Amino acid sequence: MGWTLRNPLPTPNTLQSVAWTGKVLVAVGSGGSILTSSDGMKWSQQNSGTFYNLNSVAWNGTRLVAVGDECGILTSEDGYSWTRWTTTDRTRLLSVTWTGSKFVASGYQSVVFSSPNGLDWSKGAPISGSFSVQSVVWTGKLLVATGLNLGGRSAPNVFTSIDGIVWDSLNVGGTVPGLGS
């Protein structure tokens, strides 16, 4: 079975992330784009209420959370109607995941936020160092985040945490292609 390109989509913007609620696929992307589809073939554009890039979306069984630039956090129970929340921190959020008990969002400058419900967010201690945390996932036992040193000349890193508060860094070695050693 292969992949089929679905065009035209109702937006020219780049899509960054997709989540499945059990009823609807929700894709988010640049310019505040949110698309929904019940079958993955026909897509409809939804109003996000923002023009900031949306970089990641996650589902916890009752609520969708999308995160993006300027620390934008959007929530929805159905994928169609969205509410925008803004933290006082204007950091770019790049990834969000659900752990089974809380959402964990991460991003630029090692920032990590968590929320038990997607509505009440608290900023945790940053992951040590100056990293852009590109992605975070929950394995069922452990949060795993990947990042890149903002200094630009060090190896990519992997970070692990059991609670989203205390993080351990694992340097995976090597250099970033094109930047030298």
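**A loop residue and its setting**

Modeller: Lys141 lies in the loop that links strand 13 (131-138) to strand 14 (143-149). Strands here are DSSP runs of E with at least two residues, and helices are runs of H or I with at least four, numbered from the N terminus. This is a predicted model, where local features need pLDDT of at least 70, side-chain atom pairs count only at pLDDT 80 or more, and totals for chains, interfaces and linings use all residues. Residues are numbered from 1 along each chain as its sequence is written, and side-chain values use heavy atoms, with hydrogens and water left out.

Is Lys141 buried or exposed? Lys141 is exposed, because its relative accessible area is 70%. Exposed means over 50%, buried means under 20%, and partly exposed falls in between (1.4 Å probe, protein chains only). Along the sequence, Lys141 and Asp163 are 22 residues apart. In space, their C-alpha atoms are 9.4 Å apart.

Now take a residue in another loop. Asp69 sits between strand 6 (64-68) and strand 7 (72-76). Asp69 counts as buried because its relative accessibility is 15%. Leaving aside residues up to four places away in sequence, Asp69 touches Tyr52, Asn53, Asn55, Arg92 and Leu93. A contact means heavy atoms within 4.5 Å.

Last, the whole chain. The protein has 16 strands and 0 helices. Of its 181 residues, 45% are buried. Among contacts with a separation of 6 or more, 33% join residues 24 or more positions apart.
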